[in-house]
Amino acid sequence: MDTGAEDDAIAWHARDITAVQDALATTPEGLNAEAHAERIERYGPNRLPAPKTRGPLRRFLAQFDNLLIYILIVAALVTSLLGHWIDTGVILAVVLANTVIGFVQEGKAEQALAAIRHMLSPRAAVLRGGHRTTVAGDELVPGDVVLIEAGDRVPADLRVFESRSLRIEEAILTGESLAVEKTPKAVDSAVPLGDRSSMAYSGTMVNYGSGKGYVVATGAATEIGRISGMLAEIGTMTTPLVRQMDVFARYLSIAIVAFAVALFAFGYGLRDYPFGELFIAVVGLMVAAIPEGLPAILTVTLAIGVQGMARRQAVVRRLPAIETLGAVSVICSDKTGTLTRNEMMLASLAVPGASYVLRGVGYEPRGPVCDASDEEIDVTSAGPGITLAAHAMLLCNDAALVQRQNSWQVEGDPMEGAMLAAAAKLGLDVDFERKAWPRLDAIPFDAEHRFMATLNHDHAGSHRAFVKGAPERVLAMCTREHLADGSERPLERKTWMAQIDEIAARGERVLALAMRPLPASVVELGFEDVEGDLILLGLVGLLDPPRDDAIRAVTECHAAGIRVKMITGDHAATAAAIAALLGLDNPDRVLTGQDLDALDDTELRRRVIDTSVFARTSPEHKLRLVEALQAEGLVVAMTGDGVNDAPALKRADVGIAMGRKGSEAAKEAAEMVLLDDNFATLAAAVKAGRTVYDNLKKAIAFILPINGGESMSLIVAILFGLTL
C-alpha cells in the first residue's frame, strides 16, 4: 500500500477511484478494526508535530546576545567601579528594558505553528466496517472513509469519491474566496492545488452539500502539515535597523577602543601622566563616548510609532516592524479582500443585441446601469428583454440580502447575492417579485450537470422554468434567444461563444441565463423539462471589484518609489484584469505557478523585478518570490490572510496579516495586522513608518555629538598636558 504518509509526491487527484482504493487497500465500507489498529500504529495519530521551542531562561538570556548590549554592560561595570552609581543604574535600566521587550516579543513563530495545529478538526464521521461512527480527528488513518457535510471542517486530506453538490471553501490554502465544487472525477496531475476538484484538504470548510472521501494523508503529510513544516524551517529575519545598528555598534566600539588606546599611549608615553590616574580618565572617556541612551531612544520612538499605527487601524505586534515599514521598497499583496472588496458584483450583462455595465458598491441593491458607450440608461424603458433576464437572476436564486450597520451583506452564495443586487438595479422589487412569482420546485446546482433551475408561477396560470449555470452547458440546452422587443429568433451560438470569451477576458466569471414556458399542469421540475428547447436570456459577468481607495494607494506607492506586486491564488485572467484596474505596472505580464516552477532561481530573480502579477501560486511560490526579491536587495512587505501565506509572511522583512478575515496562523506569523483588511491602510502605515525611520536617524545624529562633547574636555586636557 502506498499513501501520502509515505510519499507526499503521489498525485491522488489524478488517480481514478479504483486506483485509489487499490493503493490504499480499502473499500467504500471503510476499514475494519484490525486494519485501523495496524495503520494507527504505522502512521501515528492525525495531528501536527509540536514545534520545538526554547525554554524561558534560554529565551531571556538570548536577548543579551547583542554587541550594543555588551558595550552597555561593560559601561555599567566600569561606572560602578568609578562609583558613578546613578549612571550605572540608568544604563542597567536601559539594558533591562530592552531585554524584557525582546523576551516578550520572542516566540511568535511557535504561536503561529500552534495556531495551525488548532485548525485540525477535533471530530470526524467515518465508516468502519460499513457502519457510521464518530471518532476523534487524530484517530484517522490513510484508507479511512470520511463523511463530510455543510458546516464541517475537513479532518484530513481526502480523495473525494462521492459528491452531492459538494462545495468547499479553500481560502486558507489558495486565497480564493469562492467555494470550490468537488467531484469524484480525476484531474490532470499538473493542475495547481486550487483546481484539484477531486480533493478535499485538511482544515478547509465544507460550504454546501455533502460527500465521502478516502483519507490519503494525515498529520504532517497533509497539505496543511506541509505548510506547517515550511514555517518551522524559516528563520526569523532581522530588520534593516537592527542590521544597521549592529554594524554601527561594531564600528563605534572599534573606534572608541582604538582611540582610547592611542590617547592612553600618548598621555602615558609623551605627557608622563601617572598610570592609574590616566587609566581611570581614559576609561571614563570610553564610557562617556558610548551612546547609552540610544537603545532607550529607539524603544521610545518605536513605541510612539506603534500608537500612531493603531490610530490608522494597523496593530503592530513587534516593535522593529515600525522602522522596517519605513525602509520598504516593494509590497507583495494578496488580491482578495485586500486590493479588492471580497464582495462579488455583477459587472456586466449581455442580452441579445445589447450589452450593459452595472455599477455600485458591494451588495448594495442600488447603482447606475450604463450602456456600451458608458451612458447611464433608464432601465424602465430598456424593454422586456432586460427585465426577463433580471427575473431569472432573482427567481433562480437561493440567496438573501440583509442590511446590517449601514452595510449590505449576503446570506448564501456570494454570486447569487450579486445577482439579487443586480436585479434590484435593473428595476425589480426583490420581495414583491418573489411573492408574485413563488417557487414550485427546483433542481439544485450540482457539479455534474453544472446548472440550477427553478419552476415559478405568477398566480395567473403562467409557469416558467428559469435556469442559470455554466455558459457552455446552458447554451447547449438552448435553441432560441429572447430579443429586447420580446420576440424570439434561433440561437446564434457562435456569437454567444465570442461574447463569453470577451467577458472572460475581462477577468469576470461568466454565467448564462435561460428560461422555458411550461404548461400549468407541470408542478414538479424534472431534467427533461430544462435540458432542451430553452430560450437564452443573456450572459452575466461577475467580478470582485478593486477598492477605490486601493487604487489611490497603489498610485501613491508608485509615486513614493515603492513597487506593488499582486500574488494571488486566483486565475491568471482574473488577476490581470484586476491588476489593470488597480494601475499595477505591466498588468498583462502574468507569471503563474507553473511558470515559476519552470524558472531556476537566477532567472526568477531577473523576471520578478519587472513582473507585477503572479497567479495560481502555492505557498512555495510565494516564499520563493519573497526570497528572490530579497536577493535583489529589496526590503519586502508581504500581506496575506491564509495558512498558505504564513511561510512568506514570516520570511518577509515585514509580514502583514488581515485582521477581519485572516487566519490565526497568518496573524501569528506576521509582524503587523490590518484591522480593516485594506491596502490603503497599509500604504498609510508605510508612510508613517518612513516618518518613524526619519525620526530615528535624527535621534542618532543628535545623540552622537552630545556624547562626543562630554569627552572633548578630557581629550583636550591630555593632548595639551593639562591637569586631569
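At 3% relative accessibility, Cys-557 counts as buried, a label for residues under 20% relative accessible area, with exposed meaning over 50% and partly exposed in between (1.4 Å probe, protein chains only). Welcome to a predicted model, in which local features need pLDDT of at least 70, side-chain atom pairs count only at pLDDT 80 or more, and totals for chains, interfaces and linings use all residues. Residues are numbered from 1 along each chain as its sequence is written, and side-chain values use heavy atoms, leaving out hydrogens and water.

**Cysteines**
- Cys-332 is buried too, with a relative accessible area of 1%.
- The structure holds 0 disulfides (pairs of cysteine sulfur atoms within 2.5 Å).

**Helix α13**
- Helix α13 covers residues 384-395; helices here are DSSP runs (H or I, at least four residues), numbered from the N terminus.
- Because 10 of its 12 residues are buried, α13 is largely enclosed by the rest of the structure.
- Among those buried residues are Gly-385, His-391 and Met-393.

**A nonpolar surface patch**
- Tyr-268, Phe-275, Phe-279 and Ile-280 together form a nonpolar patch on the surface, with about 430 Å² of accessible area.
- Helix α10 (residues 275-289) gives the largest share of the patch, 3 residues.
- Phe-275 lies in helix α10 and, at 48% relative accessibility, counts as partly exposed.

Key. Helix = DSSP H or I, 4+ residues; strand = E, 2+ residues; numbered from the N terminus. Expected span 1.5 Å × (residues − 1). Patch = residues over 30% accessible without salt bridge, like charges linked within 9 Å, V, L, I, M, F, W, Y side chains within 5 Å. Areas by Shrake-Rupley, 256 points an atom, 1.4 Å probe, with all protein chains shown as cover. Salt bridge = Lys/Arg side-chain N within 4 Å of Asp/Glu carboxyl O.
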